[in-house]
Amino acid sequence: MGPPMGLAVRQLPRLKPFNRLQIILQHLNMSKHTDSAAEVLLEKRGCAGVITMNRPKALNALNLSMIRQIYPQLKTWEKDPETFLILIKGTGGKAFCAGGDIRAITDAGKVGDRLAQDFFREEYILNNAVGTCQKPYVALIDGITMGGGVGLSVHGQFRVATEKTLFAMPETAIGLFPDVGGGYFLPRLSGKIGYYLALTGFRLKGRDLQKAGIATHFVQSEKLPALEEDLIALKSPSKENVADVLNSYHMKCKIDQEKQFVLDEHMDKINSLFSANSMEEIIQNLKQDGSPFALKQLETINKMSPTSLKMTLRQLRDGASMNLQDVLTMEYRLSQACMSGHDFYEGVRAVLIDKDQVPKWKPATLEEVTDEFVDNCFKSLGNSDLKL
């Protein structure tokens, strides 16, 4: 069951997701929500609740109205005895979800609009709902999967990549940090891969997502409709039944089977160079190493926001020993520090608006970003803290 089309998100602007859930439940009188103009489609099909992000022109970028539709439906299906699995995908063939709707957040943050608080708060509540979902959760991460799209997939039980998948957490390039629970999953990847991906924004493609531990399965893109039908046709499936179907498709997929992991030859260097306790030490390691690989990473990191780099390294180091809820609470504090700072707006200007690719960071160097400043970004927001 999905919310009726007439129940527009705009009618309920200030209600918390939990209150919205009650109102939406009162209006559940249609079994399908398949208006092609809708930004997100919510359908009950067979044994599954199916979430389809439907903003193909925007690469299915996640906005607040989508979050406010997905969250209550996810919680409803989680409790529904007739729903045995939850499946999430994107339309358009190019992207699963290319990230959060950064432009809207930027515009709101500049004028002190509540959206800059509400978006992150409700997005992280949704990320936590994915991470704690009691039903098998299957994300078909076909195409571009970055930022907010990672948050909707990586915390779920099953993540199915294809040869079209392109993964990145590129936030340090826009004065942000790899949020949506990045502080939880990135430091848990093997070796220092997560630190490397977070600080450099390096992009992984296709089967490499599975080799890095981000995806659980790899299936040919054109087989996804058949996979989806097979999952939906299951009768009262257990987690094991769902896994069996995914495994059978994974085993049959021969694309890039013999290909070496893209970072294989660099893993020793990544593990040693990115294991330092501070950004300054990482920079020093890269300079001292002097190999073409190290110098290339140095060049990339030098373009990033120094504030974001320091914030991100601490986020991952702290997050390595935290649970998902504590990580998201920490990240909400960081998001609000970014909203009240300089670099996020400057990064968005340089990368997304003017596209001159020459952000003027303040402070401009790592040395100028003091420990005291970074500590402040991690401080409790009191009553405004994220509560999960």
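Where in the chain is valine 180 found? In this predicted model, valine 180 sits in the loop between strand E8 (166-168) and helix H6 (182-185). Take a look at its backbone: valine 180 has a positive phi of about 50°, although it is not a glycine.

The peptide bond that runs from lysine 362 to proline 363 is cis, and its omega is near -10°. To find proline 363, look in the loop between H16 and helix H17 (371-377).

Now let us step back to a longer stretch. The UniProt record, an unreviewed entry, carries the annotation "domain: Enoyl-CoA hydratase/isomerase" for residues 49-378.

Next, let us see how two helices sit together. Two packed helices are described by the angle between their axes and by the distance between those axes. Helix H14 (residues 306-319) packs with helix H15 (residues 324-339) at an angle of about 170°, and their axes are 11 Å apart. Angles over 145 degrees count as roughly antiparallel, which is why H14 is described as roughly antiparallel to H15. On the H14 side of the contact you will find Met311, Gln315, Asp318 and Gly319. They meet Val327, Met330, Glu331, Leu334, Ala337 and Cys338 in H15. Sorted by class, this contact of H14 with H15 has 6 nonpolar, 2 polar and 2 charged residues.

From contacts we can turn to spaces. The largest pocket holds about 1,200 Å³ of space. Several elements give two or more residues to its lining: helix H3 (102-110), helix H4 (115-131), strand E6 (144-146), helix H7 (193-200), helix H13 (292-301) and helix H16 (343-353). The largest share of this lining, 5 residues, comes from H13. In total, 45 residues line the largest pocket, and those nearest its centre are Met146, Pro170, Ala173, Arg203 and Val351. By class, the pocket lining has 24 nonpolar, 11 polar and 10 charged residues.

What volume does the largest cavity have? The answer is about 30 Å³, and the structure holds 1 cavity of 30 Å³ or more. Lining the largest cavity are Ile141, Thr145, Val150, Ser153, Val154, Phe167, Leu209 and Ile214. Of these lining residues, 6 are nonpolar and 2 are polar, with no charged ones.

Technical notes. Residues numbered from 1 in each chain as written. Predicted model: local features only at pLDDT ≥ 70, side-chain atom pairs only at ≥ 80, totals over all residues. Heavy atoms only, no water. 1 Å grid on protein atoms, 1.4 Å probe; cavity = no way out; pocket = protein on both sides within 12 Å on 5 of 7 lines; lining within 4 Å. Points joined across faces, edges and corners; volume = space filled by probe spheres on them. Helix = DSSP H or I, 4+ residues; strand = E, 2+ residues; numbered from the N terminus. Nonpolar A, V, L, I, M, F, W, Y, C, P; charged D, E, K, R; others polar. Axes fitted to C-alpha atoms, helices over the stretch in contact; angles between N-to-C directions. Parallel < 35°, antiparallel > 145°, perpendicular 65-115°, else oblique. Contact = heavy atoms within 4.5 Å. UniProt positions renumbered as here; feature names shortened; annotations may be inferred.
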